Amino acid sequence: MSARTFTAIGTRPVRHDGLDKVTGRANFGADITVPGMIFGAVLRSPHAHARLVSIDTTAAEAMAGVKAVLTRDDIPETFAKVVMGEAGTIGLHDMGDNALARTKVLYQGHAVAAVAATSLDIAQRAADRIKVVYEVLPAACTLDQALAPNAPILHEGLRTKGKATSDADGPTNVAMRIEMRRGDIDQGFGEADIIVEDEFRTPMVHQGYIEPHACVARYGEDGQVVIWTSTQGHFMVRDSCAGILGLDPAKIKVVATEIGGGFGGKISVYLEPLAAALSRKAHRPVKMVMTRGEVFRASGPTSGTTIRMKIGAKRDGTLVAASTTMYYEAGAYPGSPAGGGAMCCFASYRIPNFSIEAYDVVVNRPRVAAYRAPGAPAAAFATESVVDEIARRLGMDPLELRLKNAVTEGDRAPYGPTYGPIGLREVIETARRHPHWQAPLGPNQGRGVACGFWFNAGMASSAIVILHGDGSAAVVTGNPDIGGTRAAQALMVSEELGIPVDRIRPSVADTDSIGYADVTGGSRVCYATGMAVIQAAQDVRDQLRQRAATIWGVDLSQVGWENGQAVALDGAPAQTPLTLAELADKMASTGGPVVGRATVSPPMAGPGFAVNICDLEVDKETGCSRVVRYTAIQDVGKAIHPSFVEGQMQGGAAQGIGWALNEEYVYASDGTLQNASFLDYRMPVASDLPPIETVLVEVANPLHPYGVRGVGEVPIVPPLGAVANALRDATGVRFTELPLSPPRVLARLSKD
Amino acid sequence: MAVVYFPSGMTRYTDGVDQLHIEAPRVRELLQEVLARYPDLAVMLESMTVAVDGQVYHHPDYVPLTSTSEVHLVPRIAGGSTALRS
C-alpha cells in the first residue's frame, strides 16, 4: 500500500464534464458544425481483394451540388513516418493506403474514392455514380487461407521479419515471426506429471465504441488547416494527416472533440485526411461521419486468432514447461498485436521452461486497430483455459494452483526484464477471501476464474496549471478524456495545492495550445499525463513560495508550503502564513500571473494484474448462457477517482464477456462481412449482465508519486478465460473456440 | 560492462549469440555497437524497444547505463499500427 496520506486523491467528486454528457450538451465529433460546411461520403470496395483497373468520376463530378471528388490521384503515395504511441515510430504508407486505396483494394469496405457535396444525400448518390473497374482477385480471408500453400498474396513485396529459416524468401502473408524461449523445453515437459494441450480460436471482433468516426476539416485559402475530430490523439492526427497529404504540420491545427469511446480504435486516421483533401479541392469545410456499417467494415477490429497451447505441471501443481504457437490476423496490412500476445501469454506465471512463437498474418479483412490490451485477451483465453484444465485434472483449487505459480517481485517476465513491485499474489489472495468464491451455485450454473496481465504504458505528456486571481485554477493537457481523466487531473491539482476540486477547471487543449502529448492509450493518461499534472501543480506551488518570499522580504529558502499555504520556515522571521487565495490575489503586484508547466516521458508504468470470478448459467435446451454473478479484482496501484477505476473494470469485464459469449465478425465465403450492424453483431447490453462487482487492490507503483498504475486495459484480459472456464464447470465440456454462442454450445452439448 | 540479451527469435541475426557484454554510456551507443557487429539486426530492431534494469522505455536512446545494467530488447506493442517496413 502507498504510505502517503491523501486528502483529495481517492475521493469521488462529480466529474466536471458529467452534466454536459448526461444532458446531451457535450459536443462529439458529429456535433461540430462550421459556416459553409458541406458533406463528404466514401465509395468503398464491394470486393475483398481486387486490383483497381480504372476509376471514372465524370458522372459524379457532373452532378449538381457536387463540389469535389477525391481519388488516388489526389493523394501522393507517402513514405513519411509518425510516432504512434507504444508502436514507436511507424511508417504512414499503409495508413495512407488504407485511407484511400492506390493499386489494390484489400478488403470489402476499403475506401476507393470520396465525394464532397452540399448535402450528404447528394454526396452518397454521387459516390455511387463513380465507375470503378475492378480485376477481382482470389482472397485470403482467414488465417487458414492466408497460411495455405499457394495462398493469394496481399502484398507482393512482403517478406517475413524474424523468420525461422532462410529458405522462404518469396512473397508471403506472414509479416513477422516473434520467438521467445527460456530453459530447456524438452526437459521441462519430461519432468511434467501432467500435460494439457489444445488449440484455441477467437474471432475477429470490434471495439464497439458507440460514437462512430466523425470529423470536420477546413482547408483555408492560406493553406492553414483546422480539423475537428473524435480521436484518442489529436497530435497523432496532425502528424498523420501532414505525412499522408504532404503538408507542413505547422499549418495544421487539430481540435479533439468529446469522444464516445475508442478502446484503441481511434488512434489511427481514416476520414481526417480525406476530409482535409476534399476541403482543399472544394474550398469549403467538409464534414464526414461513418455509418455504423462503415465503422464495422472499414475501421477498428482486433485480430482473430488461432493459438496452440501446451502446458506441463508436476503433480503438486507446479508449472514446469509451456509452449505455444500463436497466429494473429493483421487484417489488410502488417501490424497485428501478435507481439502483445506473445509477451502476455505466460506473464502471470513462473514457468522455468517455455517456448513462444507468434505470427503476424495479413488477411483480406479490415486493417486491425488496437483494442484494449492488444493481443492479451486471446492469449489469456488459451493459457487460462489450459491452466484451469490442469487444476481440474489434478483436483486442485484453481486459485490455489494460480497462487502457487504466480509471479512476484524479482521474477523475470517472459519478455526479459525483472518485475518490480507487482500485485498478482495480493489479487489472487483477495479473490480467495471474497464471498463470491465461497458462494453456492444454483442448478446448471458453473464458476470460472482467470488471471490477466497488461503492461501499462508511459510515453510523452504535457500539462499546464493556471492559477486564477480568485484562488481557483485550470489544468490543461493534450489528452482526450475517455475514462474520466479530467476529473482525475483536477483531483491531482487539488491534492497538491489544496484548492477544492470543484474550483479547478480541467480541459483538453488543441494542438496549438499545449505541448505534445502521445495518444490516450496504453492505460497511460492517469499515470504519465497525471505525472505531468502533478509536476505542473508543484511548479505553481514553488512559484507561490517565491511570491511569499517577495512579500515577506526573505529568501526563497526560508519559505515552505504546508496545507495549501506558504509558511515561514524555522529560522526565518515569524510571519502569518499566506494562503493560496491570498497569494493569488497579490499575483499582479508580486510578478504577474502564475502558470505552472511540466512535460514528462516516463517509462512503462509497471504491470497490472487482475483476477475475475464468473458464474454462468446455461440453458442446456437452447445453449444460451447467462452471466449471473461476476467479480473483478485488480491491482490498480492507487485509485485517483475510485468510481472511474471501477468503471474501467466494469467496462472491460462487459466487453470481455461479450467477446466470450456472442461477438464475432461473420464472413461469407467471398469475404463480405455479413453482420455489420449492432442488430446482427451482438454486443452485451445492460439487461444482459448482472452488476459487475469490483475490488480494488492497491500495490503502489514506485515510478509514480501517488503509486498509480494504468487501469484501463487489464480488465479485458481475464474475462474470456473466466467465462469459458465457468462454462466448462457448468457443462463438463471444454470449449476452445469463441464465441460461446447458443448455436455453438448447443451443437457441442448435443454431440457430447 | 552492460549486458544486452537477445530474444531467441533474434539470435539468427547474431550468429546464435544470446547475450553480449558491451561498454557503453547509454542505450544509443550500446545499440550502435550491436548494429556494428550484427548489421542484419536492423530490420528487427525497428520493431523493438528496450528495457533497462526492469524499466521498459519508449524512447530509450539516452537512458544511461552502468557497469551492471541489464538490457533487454522487447517487442513494441503494435496493436494495429503499421510496423516500419525496411
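Analyst: The discussion below takes strands first, then a helix, then a whole chain. This is a predicted model, in which local features need pLDDT of at least 70, side-chain atom pairs count only at pLDDT 80 or more, and totals for chains, interfaces and linings use all residues. Residues are numbered from 1 along each chain as its sequence is written, chains are lettered from A and ligands numbered from 1 in the order in which they are written, and side-chain values use heavy atoms, with hydrogens and water left out.

User: How many residues of strand β12 of chain A are buried?

Analyst: Buried means under 20% relative accessible area (1.4 Å probe, protein chains only); strands are DSSP runs of E with at least two residues, and helices are runs of H or I with at least four, numbered from the N terminus. In β12 (residues 225–229) of chain A, five of the five residues are buried, so the strand is largely enclosed by the rest of the structure. V225(A), I227(A) and T229(A) point one way, while V226(A) and W228(A) point the other way.

User: Which strands does β12(A) join by bridges?

Analyst: Two strands pair if DSSP finds at least two bridges between them. Five bridges join β12(A) to β11 (residues 214–219) of chain A in an antiparallel arrangement, with C215(A) opposite T229(A). These two strands form a hairpin with five residues between them, and G223(A) in the turn has a positive phi of about 85°. Five bridges also join β12(A) to β13 (residues 252–256) of chain A, here in parallel, and I227(A) stands opposite V254(A). The chain crosses from β12(A) to β13(A) through helix α7 (residues 234–245) of chain A, and this β-α-β crossover is right-handed (with the strands pointing away from the viewer, the path from the first strand over the helix to the second runs clockwise).

User: Where do the buried residues of helix α13 of chain A lie around its axis?

Analyst: One considers the arc of the directions from the helix axis to the C-beta atoms. In α13 (residues 424–433) of chain A, the buried residues are L424(A), V427(A), I428(A), T430(A) and A431(A). They fall within an arc of 160°, so they line one face of the helix.

User: What is the order of elements in chain B?

Analyst: Chain B has two helices and five strands, which run β-β-α-α-β-β-β from the N terminus on. Of its 86 residues, 55% are buried.

Notes:
Buried < 20%, exposed > 50% of the residue type's maximum accessible area, 1.4 Å probe, protein only.
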